[in-house]
Amino acid sequence: STMRSCLALVLTSSSWSGNAMQLPQAIRGTSMLDEQSSEACSADLRAEKEFDLIVYGATGFTGQLAAKYLSTGLPGAPPWALGGRNQAELTNLSSELAVGGSQPGPSTLVADLQDLQALQAMTQRAKVVLTYAGPYEEYGGENLIKA
């Protein structure tokens, strides 16, 4: 049986510079959810996810804004992680986001947009990926959508 991922992917304005009709043909007109999605996205499967949210492209300008907001210690904040392609930059950002040293910074997940297997491994750990990497058409972001 194939491993199915139950994931919502959010393309942010910084990650996709065009409109939906400009999405690559492989993505445009396809559904992120198919007829097996209700099974794939069962409550049990969602509950098993390590993170509620991954901020992918977290080291870019807009990604950092989102990560800083999430790190403010909001009551009931979901478990979340930083994602991107450069471990050193992600680790530095995580350290910066540690709340006064009293709490560790968010976890870091490394996955390059050109590495479909790494992206699949990353997406299977989360309920939602907010992507700030881009522009997609330039960096091969359709792999994240495929994952």
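**View 1. Tyr 56 stands opposite Thr 131 in β5.** The model is predicted: local features require pLDDT of at least 70 and side-chain atom pairs pLDDT 80 or more, while totals for chains, interfaces and linings use all residues. Residues are numbered from 1 along each chain as its sequence is written, and side-chain values use heavy atoms, without hydrogens and water. Strand β5 covers residues 126-131 and includes Thr 131; strands (E, at least two residues) and helices (H or I, at least four) are DSSP runs numbered from the N terminus. β2 and β5 run parallel and are joined by five bridges; pairing requires at least two DSSP bridges between two strands.

View 2. The Thr 131 side chain reaches the backbone nitrogen of Ala 133 at 3.4 Å.

**View 3. Strand β2 and its pairing with β3.** Five of the six residues of β2 are buried, so this strand is largely enclosed by the rest of the structure. Four bridges pair β2 with β3 in the parallel sense, and Val 55 stands opposite Leu 82 in β3.

**View 4. The buried face of helix α3 (residues 61-70).** Gly 63, Ala 66, Ala 67 and Leu 70 are buried. They line one face of the helix, because down the axis of α3 they fall within an arc of 100°, taken from the directions from the helix axis to the C-beta atoms. These buried residues pack against β2 (51-56), β3 (80-84) and α4 (87-97) (contact, heavy atoms within 4.5 Å). Exposed Phe 61 and Tyr 69 are carried on the face turned away from the buried side of α3.

Note on methods. Buried < 20%, exposed > 50% of the residue type's maximum accessible area, 1.4 Å probe, protein only. Polar contact = N/O pair within 3.5 Å; in protein donor to acceptor, adjacent residues only side chain to side chain.
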